[in-house]
Amino acid sequence: LLGVLAREGWHAHRAGRSFLSRLMESSWHHAVDWIEAIRILTEGKAVKLNVKNMPSLGATQAFAKALKETKCGLTTLETVVPGDEGLQVFAAALPETKAPLKILSLTVCGIGDKGIVYLSKAMEHSRCSIAHLNLAGNNIGDAGMHTLVCRLLQPGRRSRLTYLDVSENDFQDDGAMSLAEGMRSESCSLTSLDVGHNDLSEMGIMAIVAGLLARSEPSPLRILRGLEMTVDIASKCGIPRHVASEIDEEEYSGCSLLRWASERVVKSRAVLPLIEKRLPVQRVCCIVGDFIFWRHYLTTKLEVT
């Protein structure tokens with residue numbers, strides 16, 4: 001019991017919500033095995049479902065078949081699939097499911113870059129309505145982040161994705177650069193983003209800040225977690241000291257940073273070139289025309305003072 005209370009308290013803290021509301025919401029949230037999950041699906045009663053484990057590819061295939069063939073009101077699914085192969089089977093069922101699935105959580109599944117190809121391909125299908133995606137605790141690298149952004153946050157088409165958690169993965173600055181390009185797209189509708197516990201250096205953090213400022217309209221992002229903004233990095237981004245201190249006090253929830261970025265987009269973009277001058281190594285973000293980002297690959301390292 002104490003373990004359950006501690007877990008729900010931690011999730012409530014990460015979501016920025018009260019412990020009581022999280023606990024009330026999770027009253028349904030007891031985990032079931034995959035056999036019981038299939039039975040619940042076939043009865044058509046499931047709205048929210050937590051499948052604690054799918055131990056084999058065969059179990060995943062059976063669950064995916066039930067999800068695809070059963071008409072039910074399932075809106076929220078939290079499960080564990082056996083790596084990239086399991087995700088390939090599971091993702092194939094997503095565009096064909098009759099359930100109005102909106103929230104999908106695939107945490108600590110061992111999903112890598114290959115698995116992201118299968119998932120993002122399924123999610124870009126017009127019949128897939130997932131808006132809330134939790135991929136925390138997997139093995140997604142730079143290539144996987146690039147695939148995710150190109151498929152789900154690409155310019156020119158309205159993205160359904162409003163919540164994305166890619167904390168505790170394996171991407172570095174290249175992945176952050178890709179994410180920044182997706183964030184600057186006017187079609188990006190993300191309202192909550194978590195990038196915590198990835199191997200981001202100063203360059204990756206500054207790229208994400210630049211992505212917030214590059215939009216012609218303020219970003220819809222309201223929660224930005226895990227961006228380890230130090231006072232030194234904040235000063236290089238042109239962020240005032242009082243805002244930087246608020247960011248530190250918020251444990252990197254990002255509210256002050258987002259408010260500041262929104263004001264800068266509306267009032268002036270003078271700070272944007274400042275940030276770009278400090279992103280010179282191997283890859284440069286620069287402004288062309290109406291503050292549109294283009295990525296340039298350089299063969300030599302640059303030092304810009």
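Contact means heavy atoms within 4.5 Å. That cut-off applies throughout this report.

## Basis of the model

This is a predicted model; local features need pLDDT of at least 70, side-chain atom pairs count only at pLDDT 80 or more, and totals for chains, interfaces and linings use all residues. Residues are numbered from 1 along each chain as its sequence is written, and side-chain values use heavy atoms, with hydrogens and water left out.

## Overall make-up

The chain has 13 helices and 9 strands. These are DSSP runs, numbered from the N terminus: helices are H or I with at least four residues, strands E with at least two. Of the 305 residues in the chain, 47% are buried. Buried means under 20% relative accessible area, exposed over 50%, and partly exposed in between, using a 1.4 Å probe and protein chains only.

Among contacts with a separation of 6 or more, 74% join residues 24 or more positions apart.

## The sheet

Seven strands form an open sheet in the order β1-β2-β3-β4-β5-β6-β7, with parallel pairing. Two strands pair if DSSP finds at least two bridges between them. β1 (48-51) and β7 (223-225) stand at the edges; each has a single partner strand, so one side of each lacks a neighbour in the sheet. From one strand to the next, the twist averages 5 degrees.

β1 and β2 pair in the parallel sense over 4 bridges. V51 has T79 in β2 as its bridge partner. The chain runs from β1 through α4 to β2, a right-handed β-α-β crossover. Right-handed means that, with the strands pointing away from the viewer, the path from the first strand over the helix to the second runs clockwise. β4 (residues 132-134) and β5 (residues 163-165) pair in the parallel sense over 3 bridges. There, L133 stands opposite L164 in β5.

T70 lies in the loop between α4 (57-69) and β2 (76-79). T70 counts as buried because its relative accessibility is 12%. Its side chain reaches the backbone oxygen of A66 at 2.8 Å. Leaving aside neighbours within four places in sequence, T70 is in contact with L41, T42 and K98.

## Helices α7 and α8

The axes of α7 (residues 142-152) and α8 (residues 173-184) come within 8 Å and cross at roughly 10 degrees. That makes the two helices roughly parallel, a label for angles under 35 degrees; over 145 is roughly antiparallel, 65 to 115 roughly perpendicular, and the rest oblique. Axes are lines fitted to C-alpha atoms, for helices over the stretch in contact, and angles run from 0 to 180 degrees between N-to-C directions.

From α7, D142, M145, H146 and V149 meet D173, D174, G175, S178, L179 and G182 in α8.

Note on methods. A polar contact is a pair of N or O atoms within 3.5 Å; within protein, one must be able to donate a hydrogen and the other to accept it, and residues adjacent in sequence count only if both atoms are side-chain atoms.
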